[in-house]
Amino acid sequence: MRFEVWAPRAERVTLRLSQGGDRDGDGPLGAHPMSAEPGLPGWWSAEAPAEAGDLYGFQLDEDPTLRPDPRSRRQPLGPDGLSAVVDHEAYSWRATSPVNVLQDAVIYELHIGTYTPEGTFDAASEHLDHLAGLGITHIELLPVCPFPGRHGWGYDGVSPWAVHEPYGGPEGLKRFVDAAHGHGLAVLLDVVHNHLGPSGNHLPAFGPYFTDTHHTPWGAAVNLDAPCSDEVRAYLIGSALAWLRDYRVDGLRLDAVHTLADNRALGFLEELSAQVDALAGESGRSLLLIAESDLADPRTTTSREDGGLGLQAQWNDDFHHALHTSLTGESQGYYADFAKAPLAALAKTLTRVFFHDGTYSSFRGRSHGRPVDRRTTAAHRFLGYAQTHDQIGNRALGDRLSANVSDGLLACAAALTLTGPFVPMLFMGEEWGARTPWQFFTDHTDPELAEAVRTGRRREFAAHGWQTEEIPDPQDPRTRDRSCLNWAELEQTGPRKLLDWHRRLITLRHHLPDLRDPDLASVRVAFDEQRRWFTFRRGEVRVAVNLSPEATTVALGRNGVRVLASWLPVEHPGQDGRLTMPGECAVILGP
């Protein structure tokens, strides 16, 4: 087997390889000197007999530390342990990739470690029938790269070519993707290119993967534009392609792309987009790139031919913020601008996508965003959602909407999200109004790092008036356990009713072409900020919500529409086109 590694700073590299089938790292390691690759500066290679499961690592110069492979496909002993050989050809795939059309998608954000108490791919697979029956088309997995300990969000991962072993490792991920495809579900994977975790990151020992040219919230920036950045880009792009190729994942969600520091003429995201499109052409599969971006910039999803980055879609936090303030009345932090007139903000995001499209943002202290050309930009270039892992987990107590609003308002949120113009996304458990929180939890094995995370979290929220003892301890195993979904809630009447409501809304979205119409310019809205009702029209379909606890009457016009679905019983509009709704109710109407 051929082993290769990029270590431009080393004068000598030695491959250390397990012998005699050692799988726990306690046995002797054979030494195999590596040779510099002619014509490939910084690259070293060696050939040695090996098979799947064999452990190995690299020794650099006189440093006795054995380091895992930067391109390790498996870390069975954790991020700091030896790497293991993986034979991707050994897995026998059963299912083929499903149709992967973003315009028809309903996405479900899922964290493997808390979707079930077991926290594994195989345990999550047991609930794929639930998702298929709900009408979900795409599962978006939170990051699955190795990180310290057993439990964590996944955003402090290292070894971006490998899979977290406690989840089930490479074979577990393949089984999950295969099973999802067998249920007709596409799988998207959240990947992090803007930083690596603070523990278990061995890349700096091998080469200039990071640069002090730029600084980020995590310290030195990933090297995308300084000397040697060609190799770093190739490393990250190779990782992205490996997920799509070796694990048959159908697309990637790119974490916080606005934090990628990159001043090169050909940007990293544009280069990644081109490479993914090339792989899609070679494989005959439709592959998606979806950005999380704070820039409010339509060029993120504009085609490369038209001067954009060529990604297929991006998250739209502005829709979330407008919806959240409309439901809760919260006005702190970045909600402030939206809370001044929340229904007006909601109307703007539903028709023009970004609330801040060149307007002043008080949270940032400057103008922000760029207008979307509604004539040329399809609605499915944007994801809309009422809740996400960030918007729940970054709250002090990790409380969901269900902890703060009524089931009626949860039903309104579902209606606005699932019938709106954007590709809808749900966070796991949202479909039944899960009462379990989703809190910030870690399992750092370094005591100093664990204490720093604990103290930093409490200091952050103390600045907003929280008492130290109120903030959950990220390192306490009970914090993770509280964050696991409680599937027994589905035995209760309230959650079952919400689940049925979500299923009905998704069914309407799949069956009514108007609800998948990509034309942003055709969306029409009306609202009353004081009476707290809101309506919008998509083709011949009308959606009306009453966010007030008091009943209200809304004029829809003499158009003959009938009630297709309603959260609470309502009468069809009269001949005068007026609809009377109970308090905290959502109604879908059509011909």
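Biologist: What should I know about the model before starting?

Modeller: The model is predicted, so local features need pLDDT of at least 70 and side-chain atom pairs count only at pLDDT 80 or more, while totals for chains, interfaces and linings use all residues. Residues are numbered from 1 along each chain as its sequence is written, and side-chain values use heavy atoms, with hydrogens and water left out.

Biologist: How do strands pair, and which strands form the open sheet in the order given here?

Modeller: Strands of a sheet pair through backbone hydrogen bonds, either parallel or antiparallel. Strands are DSSP runs of E, at least two residues, numbered from the N terminus. Two of them pair if DSSP finds at least two bridges between them. Here three strands form an open sheet, β1-β5-β4, with antiparallel pairing. β1 and β4 (35-36) are the edge strands, each pairing on one side only. β1 and β5 (residues 43-47) share five bridges. F3 stands opposite A46 in β5.

Biologist: How many salt bridges are there?

Modeller: Side chains of opposite charge can pair when their charged atoms come close. The rule is a side-chain nitrogen of Lys or Arg within 4 Å of a carboxyl oxygen of Asp or Glu. By this rule there are 34 salt bridges. One network links R2, E4, E37 and E47.

Biologist: Which side chain meets D190 in a salt bridge?

Modeller: R253 does, at 2.9 Å, N to O. R253 is in strand β13 (residues 251-254) and D190 in strand β10 (residues 186-191), 63 residues apart. R253 also forms a salt bridge with E292, where the closest N and O atoms are 3.0 Å apart. E292 lies in the loop between β14 (288-291) and β15 (313-315), so this pair ties together parts that are 39 residues apart in sequence.

Biologist: Why does R253 count as buried?

Modeller: Buried means under 20% relative accessible area, with a 1.4 Å probe and protein chains only. R253 counts as buried because its relative accessibility is 0%. D190 is buried at 2%, and E292 at 10%.

Biologist: Where is the partner of R395 in its salt bridge with E330?

Modeller: R395 and E330 meet at 2.9 Å, N to O. E330 lies in the loop between α8 (317-328) and α9 (336-339), and R395 in the loop between α11 (389-393) and α12 (407-418), so the pair ties together parts that are 65 residues apart in sequence. R395 and E330 are both buried.

Conventions: Helix = DSSP H or I, 4+ residues; strand = E, 2+ residues; numbered from the N terminus. Buried < 20%, exposed > 50% of the residue type's maximum accessible area, 1.4 Å probe, protein only.
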